[in-house]
Amino acid sequence: MFVRTVMLAGAALALSAAPAQAKWVASWTASPHAPLGTEGWMAAASYENVTISQILRISEGGGKVRVRFSNRYGPAPLQIGAARVVQIGDTGQEIAGTSRTLTFGGEPGAVIPRGAPFVSDEVQVDLPDLARLKVEIYVPTATGPCTCHLTGVDELAVSPPGNFVGKPFEPVSKAQYRAFLSAVEVDSPDALGTIVTYGDSITDGVGATPGANRRWPDILANRLQAAGQEWAIANAAISGNRVLSPGMGESALARFDEDVLSLPGARYMIVFVGVNDIGNRFGPPRGGIPGLTLDQPPITAQQMIAGYKQLIARAHDKGIKVIGSPIGPYKGAGYWTEEGEAARQEINEWILNGGAFDAIVRLDTAFADPADPAKMRDGYHMGDFLHGSDAGLKAVGDSIDLTLFEAD
């Protein structure tokens, strides 16, 4: 009995001395989508023997970082010759002591198989909440049309030929999309978890001032940090996205596992998507995008509701609470019709009163004109009665009750 007691006491001592478990959260995300066209402004970029620099802002800081790359839609394996991450200041200057070379299984480069994600090794670097980062990758061989995210709302710069990772260069071109970069994950000892915002261009940030972090999920991140609530915000929106149908990215149903369920620490999800389903279904025919065909089956409001129920059930199965918002007002937009408005009202009635969501936020009314709630308030859209302006996006981000997000 004495020996058994000593062994148990030793085991208890070992357990108490064990190091703290890593607490990874998705501090920044950009959901990748397939190339959207072969010509025009949406034509997918291709790269060869250049360095790509991308600016982003994380939500939750921490002491370790790893970067998730994606070749989900690549035509061939993607070779990364070198990669680096560094914190930058408000004017873009690098913060001394924060530059870290990224490795992959201890190697300086990687070959990412076609269709796959690839996560770097973790690196130790102390990053504050809401830190701005620069991620650099050198691609030595031809990539083909990139696995990109079209609405980056921040700077991507391309070098002259060669490996400029860790070296200054004069860009030969600049853009505002994301290339091969899908997430920055942070190990934060005080993080409460990840809140995923799931939607379309209104959440993705079309209409927001580039480089200013004024999308409504950015505003929510600001408020949470100011309130001392250490939540990471993962913006998993794709411009043009729909609940049921593909086209501008895979449908919300189809991409859910990889873009939401794969994220570390996901605890809550805010769903604000559906206007493109009803706008394209019930609206007048619109001019197509060269090289891109949007499939639009004759969906119904009940099919939309069934789609939301699927998202909720799959999230609940993984312990994620789902917060829903009614579809926002869009009267005056190019694809608005009375029939589409009737479908919006039917779907919104279910969202509000169907009892399927764990909670409701009224992002729709934050945008709405009080005199005509079917349309957006003047000054709250970018002129198209669909996408938020800085003022409108701030109103939406400010409208969310922070007490919805409960710590364990």
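**Entry 1: His387**

I took buried to mean under 20% relative accessible area. The model I examined is predicted. On that cut-off I looked up His387, which has 12% relative accessibility and therefore counts as buried. I located His387 in the loop between strand S22 (372-376) and helix H9 (390-398). Its side chain is joined to that of Asp384 by a polar contact of 2.6 Å. I then listed the contacts of His387, leaving aside residues up to four places away in sequence: Ser201, Ile202, Val206, Met376, Tyr380, His381 and Met382.

**Entry 2: the hairpin at S22**

I followed S22 to its pairing partner. Strand S21 (residues 368-369) pairs with S22 in the antiparallel sense, over two bridges. The two strands form a hairpin with two residues between them. Asp369 stands opposite Asp372 in S22.

**Entry 3: strand S1 and Trp24**

I asked how many residues of S1 are buried. Six of the six are buried, so I noted S1 as largely enclosed by the rest of the structure. S1 pairs with S15 over five bridges, in the antiparallel sense. In this pairing I found Trp24 opposite Asp187 in S15. The ring of Trp24 also has the charged end of Arg66 over it, 3.9 Å from the ring centre.

**Entry 4: aromatic pairs**

I searched the whole structure for aromatic pairs and recorded 12. Tyr47 lies in the loop between strand S1 (24-29) and strand S2 (50-57), and Phe180 in the loop between strand S14 (178-179) and strand S15 (181-187), so the pair ties together parts that are 133 residues apart in sequence. I checked both for burial: Tyr47 counts as buried at 7% relative accessibility, and Phe180 counts as buried at 2%. I also noted a cluster in which ring pairs link Phe69, Phe104 and Phe118.

**Entry 5: nonpolar cores**

In soluble globular proteins, nonpolar side chains tend to be buried together. I looked up the largest nonpolar core and found 64 residues. Which of its residues touch the most other members? I listed Trp216, Leu220, Met269, Ile270, Tyr308 and Phe405. Helix H6 (residues 301-317) supplies the largest share of this core, seven residues. For Tyr308, I recorded contacts with Val243, Val271, Val273, Gly274, Ile327, Ile347, Trp350, Ile351 and Phe357, again not counting residues up to four places away in sequence. A second, separate core has 39 residues, among them Ile58, Val139, Leu156 and Ala175.

**Entry 6: the parallel sheet**

I traced an open sheet of five strands in the order S17-S16-S18-S19-S20, with parallel pairing. Which strands stand at the edges? They are strand S17 (231-235) and strand S20 (359-360); each has a single partner strand, so one side of each is left without a neighbour in the sheet. Within the sheet, strand S18 (residues 266-272) and strand S19 (residues 321-324) run parallel and are joined by four bridges. Met269, which I had listed in the largest nonpolar core, has Val322 in S19 as its bridge partner.

Notes:
Residues numbered from 1 in each chain as written. Predicted model: local features only at pLDDT ≥ 70, side-chain atom pairs only at ≥ 80, totals over all residues. Heavy atoms only, no water. Phe/Tyr/Trp six-rings, centres within 6.5 Å; stacked < 30°, edge-to-face > 60°. Buried < 20%, exposed > 50% of the residue type's maximum accessible area, 1.4 Å probe, protein only. Lys NZ or Arg CZ within 6 Å of the ring centre and 35° of its normal. Core = buried A, V, L, I, M, F, W, Y, C linked by side-chain atoms within 4.5 Å. Contact = heavy atoms within 4.5 Å. Polar contact = N/O pair within 3.5 Å; in protein donor to acceptor, adjacent residues only side chain to side chain. Pairing = 2+ DSSP bridges.
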